[in-house]
Amino acid sequence: MGRRKVTHQLISDNSTRRVTFRKRKHGLLKKLNELTILCGLRACAIIYSVYEEGPEVWPNRKEVRVLLKKLRALPEKKQTKFMMDQKDLMTRMIQDAKKKLEKEQMHSRAMELGLIASSTDMHDADYSEDLIKAADVVEKKIKVIRERIKAVESGSAIAMIE
């Protein structure tokens with residue numbers, strides 16, 4: 001059975017909030033522990049909460065001090081290279097979505113033009129953006145020519161009627 005969707009907002013009931021905090025903190029620390037074991041890296045966590053006196057550190061204060069010292073020894077640019085706040089995260093997600101949309105539009109256009117046969121050919125296809133743009137230009141020129149032909153034909157039809 002799947003989990004129900006959780007709306008992310010402050011839990012109004014204090015005891016429920018405390019229980020949820022405890023469970024999620026435990027899950028977070030468990031995942032962090034698994035990450036350090038499976039990937040062979042060093043990590044730490046510092047958690048401040050209203051439910052405990054002072055910060056809670058993981059795995060221990062000595063390890064946290066060592067890792068923070070390593071972090072402070074790095075140049076400031078490297079320290080903050082991968083740090084982001086909510087706004088930065090949303091900006092990155094929007095940029096990624098725009099890139100994906102452009103790629104999908106390009107693929108869709110290639111399918112329309114018959115440059116690739118199906119959506120399964122997407123990874124195998126060797127079509128270029130320039131080729132698709134050129135095809136768009138050619139289609140626009142053909143449309144203009146067809147409109148001119150219609151105009152000429154309708155003009156000559158009018159001349160025949162007179």
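Reply:

Thr 36 has its place in helix H1, which spans residues 14-39, where helices (H or I, at least four residues) and strands (E, at least two) are DSSP runs numbered from the N terminus. The model is a predicted one, in which local features need pLDDT of at least 70 and side-chain atom pairs count only at pLDDT 80 or more, while totals for chains, interfaces and linings use all residues. Residues are numbered from 1 along each chain as its sequence is written, and side-chain values use heavy atoms, with hydrogens and water left out.

With a relative accessible area of 15%, Thr 36 is buried; the term buried stands for under 20% relative accessible area, exposed for over 50%, and partly exposed for what lies in between, with a 1.4 Å probe and protein chains only. Leaving aside residues up to four places away in sequence, Thr 36 touches Leu 41, Arg 42, Ala 43 and Trp 58, a contact being heavy atoms within 4.5 Å.

One of these contacts, Arg 42, also takes part in a salt bridge, its side chain meeting that of Glu 63 at 3.0 Å, N to O. Because Glu 63 lies in helix H2 (residues 61-73) and Arg 42 in the loop between H1 and S1, this pair ties together parts that are 21 residues apart in sequence. Arg 42 itself is partly exposed, at 45% relative accessibility.

The structure holds four salt bridges, each defined as a side-chain nitrogen of Lys or Arg within 4 Å of a carboxyl oxygen of Asp or Glu. In general, side chains of opposite charge can pair when their charged atoms come close.

Since Lys 25 lies in helix H1 and Glu 52 in the loop between strand S1 (45-47) and strand S2 (56-58), the pair ties together parts that are 27 residues apart in sequence. Lys 25 counts as buried at 12% relative accessibility, whereas Glu 52 is partly exposed, with a relative accessible area of 32%.

The side chain of Lys 25 meets that of Glu 56 in a salt bridge as well, at 2.6 Å, N to O, and this pair links distant parts of the chain, Lys 25 in helix H1 and Glu 56 in strand S2, 31 residues apart. Glu 56 counts as partly exposed, at 23% relative accessibility.
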